Amino acid sequence: MSDLNESATPSSPAAPRSSQTAGPEAPGTGDPAVPTRERLTILWSFARPYLRVLVFGLVLALAVSAMGLASPMVTKWVLDTLEVDGSLRDPVLVLAALMVLGAVIGWFQWVMLGTLAENIVYDARRRMILRYLGARVFALLGRSPGELVTRVTSDTVLLNQAASSSVIGLINGSIMLIGSLILMGRLDMVLLLTTMAAVAVVVVLFIVLMPRISKVEEKAQAALSGLGSELEGTVRAIKTVKSSGAEPRRFAGLMRHVGESRRFSLTSVRIQATAWTVAMSGLEIAVIMVLALGAYRVSIGEITVSTLIAFLLYVWGLSGPIMELTQNLTTLQSGMAAAGRIRQIEQMEVESPGADVAIAAGRQDAADADAAERELRRADRGVEAAKPAVPGTISAVATGSGRPVIAPPAAERAGAVPANGGWERGRARPEADSSAGSPGAGPASAAAERRGPAVERPGQAVERNRAPEGEPARSQRSAAHPEPAASDHRDRQPPVLEMRAVTARYAPGMEPAVRDIELVVPRHGHLALVGSSGAGKTTMLSLMLRFLEPESGELRLDGVPYGALTHAQVRSAFAYVEQETPVVPGTIRDNLLFTNPGASEESVDEVLDRLFLREKVEALPQRLDTPLSETNVSGGQRQRISLARALLADPRVLLLDEATAQVDGITENAIHETIAERAGRAAVVTIAHRLSTVIDADQILVMDGGRIVDRGTHDELLGTSPLYRDLVAALRINAG
Ligand SMILES: Nc1ncnc2c1ncn2[C@@H]1O[C@H](COP(=O)(O)OP(=O)(O)OP(=O)(O)O)[C@@H](O)[C@H]1O
């Protein structure tokens, strides 16, 4: 496969959305139209890593063509030999050899270019998948999932021939055409000029028709994307569709896209049919004209019969290069349409420069470990360069899942603050650990701090995470036997998270979603966010997880500004339970271990018991290895699986977006217990929708219109905040 750096376009954050939307829109997408030159550049960027294969393919194609061009001349040789009663052995042997050699080389070329085309599809899909995973969350969520799927699955197929064999076909076809014309000129200039008139008509026609094919192909693809998008939404909401009796309306809506796709494809078919028919008719007319004029010239002794036959063979043979040129121009047009759509995906903003490179490096398998290593080093250098030095604060280690985490502040590492179970998700311990217990930050920790974030391959991290013999690995220890909370040291611990004068909006020109937020999240305890719908609660969590960047103000983790940390470092401190609790593709085990793949069997067993999931899991045919879907577990069980995932991650800050819908008693109990247990040894931030959650919180923030309007405990707020009293009254009503 191609080198990542060659195949990936620069992953620096793209221009702001506003600048992308300048200019005309691509059909049916709302994205800016991509100019032809840029499309060709994209196609070239896919072909470039395979330049050698392409050149070799071209040489083979030219060899086959040369044999094809030689055939009429050899035929003439046969005819001339017949006329003088010579031996036919040599010309017939040459003719047979040309045929056999042509067939063998043709087969080889076919396989080679087919492989090349598949490699290009692979690269294109890889590039797009990396961009999806590295993109800013809201840039990705702003697009329809169905459309994103179509771009990876179907647009890339259009690209394959365009970026591989079509280039060869175009060059080869042109050379064949020019070669045929030269050889025809050598046979007879008068007949050549006659043929040229027909060829010129065909060429002009193609110049006019080809751009139209590209346009309608792009519209057909856009209609297909629209179909993918709506179909995905319809399947997702099938219960609502059926309960609303909306099947006929949905059918009509979906068929609009199907019809549109057919309409544009038919237009494309008609244009192509016209082009082909005119081309072939032009050739037939040329044959008739050559036959008539040639017969006349034979009759007046200007040319021989064998010359006329050889010339006619060339005229018939012209259909080869003309077809090749036509086909490949059509393919190129489709490929350019696809390239435009792929370009739009590559313009999606990434979270940080090199985000996609880092993701690729983390996923390299053993077969190309060297490339992974190089890419990792490059990624590391990128991280180092991007990170301003913050002395005495950051040191990073790789986690069992390859996620770097931030080391604790120097005071905590040096023993002033005991490392509690919630510190590192029960995974690898920072190198600076060796300095624990020493007064102040020792040389080891200082060195670690100087080194800054170090990203390791997952394998390396697992090695480092191995506990001394006889001792359970840290991941087993902390989840199964949490160390006691260091309550006596709490006052000396800096807050785990701070938000200072933070204002954020989702897009330029929109109203800020949150304004002037001042917030301190202590290292332990439960902080609840309450407020009416649209008050900005979810936005607060998005900011904490760095899905959204503040427009002004600053967030800090352990006193370190977010700007000085990588996204992975920030996120390694959190576990996030979404309100919708989506399942990730895979088995129940995959879902449980998603955030912390290194969690031990014992910890898994423990959370299954704690969250009342064991019975359900035992009842499934493959137990933990049963593929998890939205349908084989109930909504409450899905929520508990998400909670279990968060618990196994053993985060320093648990972010919990409570489900607004009524949850079953078991789940409510599980949530309640989880919050209470975690708040004793880590920070818990909830978006609270249940009275029991609110009442128990150590601190409650009341939000309204994007601002924190009141704060305090439940009892304090009941006395001071009318808005809080209203919210509590509503919760009471909801709680029944
Ligand atoms: N992806 C987004 N793009 C644009 N605006 C958004 C987006 N998400 C939220 N908003 C807007 O930001 C504001 C705050 O929304 P947010 O989701 O944070 O509220 P919330 O308090 O969590 O509401 P709810 O309880 O209904 O989930 C709202 O005005 C909302 O319309």
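Tutor: Helix H9 bends by about 30° at leucine 209. The bend is the angle between axes fitted to the seven residues ending there and the seven starting there. A proline, proline 211, follows within four residues. This is a predicted model: local features need pLDDT of at least 70, side-chain atom pairs count only at pLDDT 80 or more, and totals for chains, interfaces and linings use all residues. Residues are numbered from 1 along each chain as its sequence is written.

H9 covers residues 189-236, 48 residues in all. Its end C-alpha atoms are 68 Å apart, which agrees with the 70 Å it should span at 1.5 Å a residue. The expected span is 1.5 Å times one less than the number of residues. Helices here are DSSP runs of H or I, at least four residues, and strands are runs of E, at least two, both numbered from the N terminus.

Now the record. An unreviewed UniProt entry lists residues 190-210 as a "transmembrane region". Such annotations may be inferred rather than shown by experiment, and their positions are given in the numbering used here. Residues 53-74 are 100% helix and 0% strand, with end C-alpha atoms 31 Å apart. Residues 94-117 are also 100% helix and 0% strand. Their end C-alpha atoms lie 34 Å apart.

Last, the setting. The protein has 29 helices and 12 strands.
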